[in-house]
Amino acid sequence: MDNPGWSNLRRAQRENDYFQTPHRGMDGRFMPVEQIGPMEEQFIGGFRPGMPLPSPVPPEVPPKDRPSGYGGAVQPSLSHSELTKLSAVERSKFLQVARMSPHLQAISYDTIDEHGVWHGAVLIVTADSGSSYDPLPTLTVEWDPEKPPFSKKRAKSFRRPHATSFDLGPHPADPHSTSIAIANQLDGKPAGGPSAQAQQSPGQEIYVYAGNGGTFTFWRFMLHIPLGPNEMNVTYSINKGQKMQFFIPGRGQNMRWASYSCNGFSAGVNADDFRGPGFQTGYDPCWVDLLTKHAEEPFHALVGGGDQLYCDGLTREPELQEWVAKMKPEDKKNYRLTDEISEAIDRFYFSHYCQSFRTGAFARANSSIPMMNMCDDHDPDDLQNAPVFKAIGSKGYFWFLLFQCFINADIDGLDDQKHVNKSIIIGHQGPYIPFPSHSFLGSLGPQAAILLLDCRAERKKEQVCSPPQYQKVFERLNQMPSTVEHLVVQLGIPIAYPRMVFLESMLESKLNPLVALGRNGSLGLSGIVNKFNADAELLDDLNDHWTARSHKRERNWLIEQFQKLAEAKKLRITFLSGDVHCGAFGVFKTLKEKNKPELEPIKDHRYMVNVVTSAIVNTPPPPGVIAMVSSLATKTHKTLHHISTDETMLPVFQKDPDGSTRKAKSIMGRRNWCQTSWNEETGELVFDLRVEKEKGVGITVGYPVRIPPPRWNP
C-alpha cells in the first residue's frame with residue numbers, strides 16, 4: 001500500500017535487471033544475494049558510528065588460527081552435510097580454530113509462572129570455523145535483588161534535543177568500547193553485592209546449519225529467575241565474556257513493554273530517504289528512539305507484531321530467477337523444486353536473519369530487551385501447494401520459530417504440556433506447511449496478560465485460524481489467574497479498521513484495465529501485480545484483513561467470543577495489530593440505545609480498543625491512500641449490531657507531531673512504535689503511540705490512549 005515514487009521504482013527496476021541475470025563464482029556455484037560468515041573482529045554493527053559494514057563473505061582466518069599447510073580458506077576433507085553429523089566439539093576441533101565470539105545473540109521472554117519465576121532464553125549462533133566448544137558454551141546470569149535497577153540521573157542524561165546513534169553511549173557488546181568501566185560494570189555500579197546471585201545455564205545445541213560459508217551452530221540457554229521484591233537489572237554473558245543486561249519486573253509489578261511491526265522496507269523503497277543526520281541507515285531512527293526510551297525507563301519486553309523481518313530479497317536469489325521469470329501463474333505452480341533452489345531458500349533465510357539480527361539498533365534491542373514474537377500474513381490460496389512456494393512458506397516458518405522463538409520442533413516436540421516454552425499453545429497441522437500453529441499466552445504481570453495468536457500456520461483464504469486452534473486458545477484463556485484484568489490480544493492485522501470493500505471489488509474484476517495492463521507489463525504498470533499469481537498487489541494486502549469479505553464471518557464470531565470471555569471473567573480486552581503502515585485506534589463498544597446515554601467505557605464489557613502500530617521502519621502509504629482510509633474511518637459500522645456492538649475509529653490525532661491541526665484525526669501516516677505501561681492508581685493500561693516527529697530524525701511524539709479497567713457489575 002506504499003508508493004515509493006517513480007525514481008525509486010526505476011532504481012528498483014535496475015536492481016531487478018541485475019539480479020535477474022544470475023552470476024556464478026569461481027567454484028561454479030551461483031553468487032548469492034546475501035552470504036553470511038563469521039563477523040569481522042572490528043565490527044559490531046550499528047553500535048558505534050563510522051564503522052564499515054560487515055563483509056558479505058567470511059573473513060580470512062587470522063594467522064594464529066591457521067592450520068599447517070594453510071593456503072587461503074580452510075579446505076576440510078568432510079562435506080558440509082557430513083560436518084552436521086558431528087558433535088559441536090568434534091566440528092570445532094576438526095576445523096582447527098581457537099576462539100568463540102558470538103556477536104549474534106538475542107534474548108526472548110516466555111512467561112512468569114504461578115510461583116513468581118521469570119522464564120526466558122538466550123540464543124546465540126556461532127560459526128564452527130571460528131569457535132571452540134571445549135568446554136561447551138555456558139551462560140552466566142547475575143542479579144542482585146537489593147541493587148537499584150537503574151539510575152534516574154543516568155536516564156536524564158539520555159534526553160537530547162536531537163537524538164542520534166551517538167546518544168546511546170557505549171554498549172557492553174562492543175569490545176572496542178572506550179569506557180572500561182562500562183565494559184566491566186553496568187549502570188556505573190559494581191556487578192556484585194552481598195545479596196548478589198548467579199546462575200549458570202549450559203548451552204543446548206538445537207540446530208546446525210550447513211551452507212557455502214561453513215557450518216553454524218544454534219545454542220539455546222534457558223533462564224529461570226525468581227522475581228525479587230523490586231524490579232531487577234539482570235546481566236548475562238557467554239563464557240564469562242562481555243556482559244549484556246536486561247530488566248525484569250518485581251514481584252507484584254506489571255510490566256512496561258514496547259511493541260512494533262514492519263521492521264523493514266518494501267521493495268523499491270530507498271532506505272536513505274529515511275536516514276536523518278547522524279544515522280548510518282534509514283532503519284535505525286525509530287529504533288534509536290525506542291532504545292532511548294528504554295534507557296530512560298527500561299522495558300521488560302519487546303513485542304514483535306508481524307513483519308519483524310522483510311524477506312522480499314528472496315526473489316533475487318540467482319537459483320530462483322528462472323522460476324520468478326515465468327510469466328504465467330500456471331508455469332510457476334508447476335515448476336519443479338530442485339535441491340539447488342531448496343538450498344538457496346535456506347541460505348537466504350539464514351543469512352538474512354543473521355544480517356538483520358546482528359546489525360544496527362535493532363540488534364541492540366533484541367539482545368537487551370526480551371522478545372516476544374508472532375508470525376502473521378499469508379499468500380494467495382492457489383499457490384500454496386506449488387512446490388517452490390510451499391518450500392518458501394515451510395522454510396520461512398521453520399526459521400521464524402528458530403530465530404524468533406528459539407524453538408526447533410524436532411528437538412522440542414509438539415506437546416505443549418511438556419514443552420520447554422511454558423506459554424506455548426500448539427494447535428493443529430497447517431494446511432500448507434508441515435507445522436501446527438504456535439500461539440503464546442504470556443504474563444505481563446499480576447493484572448495483565450498477552451495472547452500472541454498464530455494467524456499464519458493454519459491460514460487459508462477463507463480461514464485465519466481453525467476451530468480446534470480456537471478451542472485450545474480459549475481453554476487456556478479460561479485458566480488465567482483471577483487477578484488478570486487486562487488481556488492484550490496480538491493480531492498481526494487490525495481487526496477494527498476501515499473497510500475497503502469497493503476497492504476489493506474493483507481489483508478482483510477481470511475487467512479492470514490497470515490490472516490487465518500490469519499483467520502484460522504494459523506502460524510500466526507491472527509493479528501493481530504481484531510476481532506470483534498476477535493478481536493486483538494491493539488486493540493481496542486487502543485479502544489479509546479481518547475486514548475482508550472472506551474473513552468477515554470468522555471475525556464477527558471471534559469478537560463475540562471475546563465479548564463473552566470479557567463478561568464472564570471480568571476482563572478488559574485490547575487488540576494490538578500492525579501491518580498497515582499507519583498508526584490508528586479502532587474501537588468496539590456497546591450500541592447506544594435510543595433515548596439512553598452511551599455506556600461509559602469503564603462499565604462496558606464490549607469496549608475493546610484495537611491499537612494499530614505500524615511501521616517502525618517501512619514507509620507510510622502515499623497521501624492519497626491515507627486520505628481515502630481517513631475518509632472511511634469516520635463511519636460507524638453496523639456489522640455487529642446484532643450483538644449490540646458499534647465499531648468505529650477513535651479520533652486520537654487532533655494535531656500533527658509539530659503541533660499543527662490535522663484534518664484526518666483517526667489515521668496517522670508516519671512511522672511509529674508503541675510503549676505500554678500500567679497505571680497503578682487507576683488500573684488503566686496506557687498505550688502511548690510514539691509517532692516520528694520528522695522523517696529520519698529519531699525523535700517521536702506520544703499519542704497516549706488509556707484503556708480502562710473492567711469495572712462493570714458481575
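**Ground rules.** I am working with a predicted model in which local features need pLDDT of at least 70 and side-chain atom pairs count only at pLDDT 80 or more, while totals for chains, interfaces and linings use all residues. Residues are numbered from 1 along each chain as its sequence is written, and side-chain values use heavy atoms, with hydrogens and water left out.

**Strand β15.** I looked up strand β15, residues 486-490, taking helices (H or I, at least four residues) and strands (E, at least two) as DSSP runs numbered from the N terminus. Five of its five residues are buried, so β15 is largely enclosed by the rest of the structure; buried here means under 20% relative accessible area, with exposed over 50% and partly exposed in between, for a 1.4 Å probe and protein chains only. In a regular strand the side chains alternate between the two faces of the sheet. I then checked each face of β15 and found both covered, with His 486, Val 488 and Gln 490 buried on one side and Leu 487 and Val 489 buried on the other.

**Its neighbours.** Which strands pair with β15? I count two strands as paired if DSSP finds at least two bridges between them. Strand β14 (residues 448-452) pairs with β15 in the parallel sense over five bridges, and Ala 448 has His 486 as its bridge partner. Strand β16 (residues 572-577) also runs parallel to β15 and is joined to it by five bridges, with Ile 573 as the bridge partner of Leu 487.

**Asp 656.** I found Asp 656 in the loop between β19 (645-649) and β20 (667-668). Is this residue buried or exposed? Asp 656 is buried, with a relative accessible area of 19%. Its side chain makes a polar contact of 2.9 Å with that of Arg 662, where such a contact is a pair of N or O atoms within 3.5 Å, and within protein one must be able to donate a hydrogen and the other to accept it, residues adjacent in sequence counting only if both atoms are side-chain atoms.

**Nonpolar cores.** I took a nonpolar core as a set of buried Ala, Val, Leu, Ile, Met, Phe, Trp, Tyr and Cys residues joined through side-chain atoms within 4.5 Å. The largest has 123 residues, and Phe 218, Trp 287 and Trp 399 have the most contacts inside it. Helix α11 (residues 387-405) gives the most to this core, with 12 residues.
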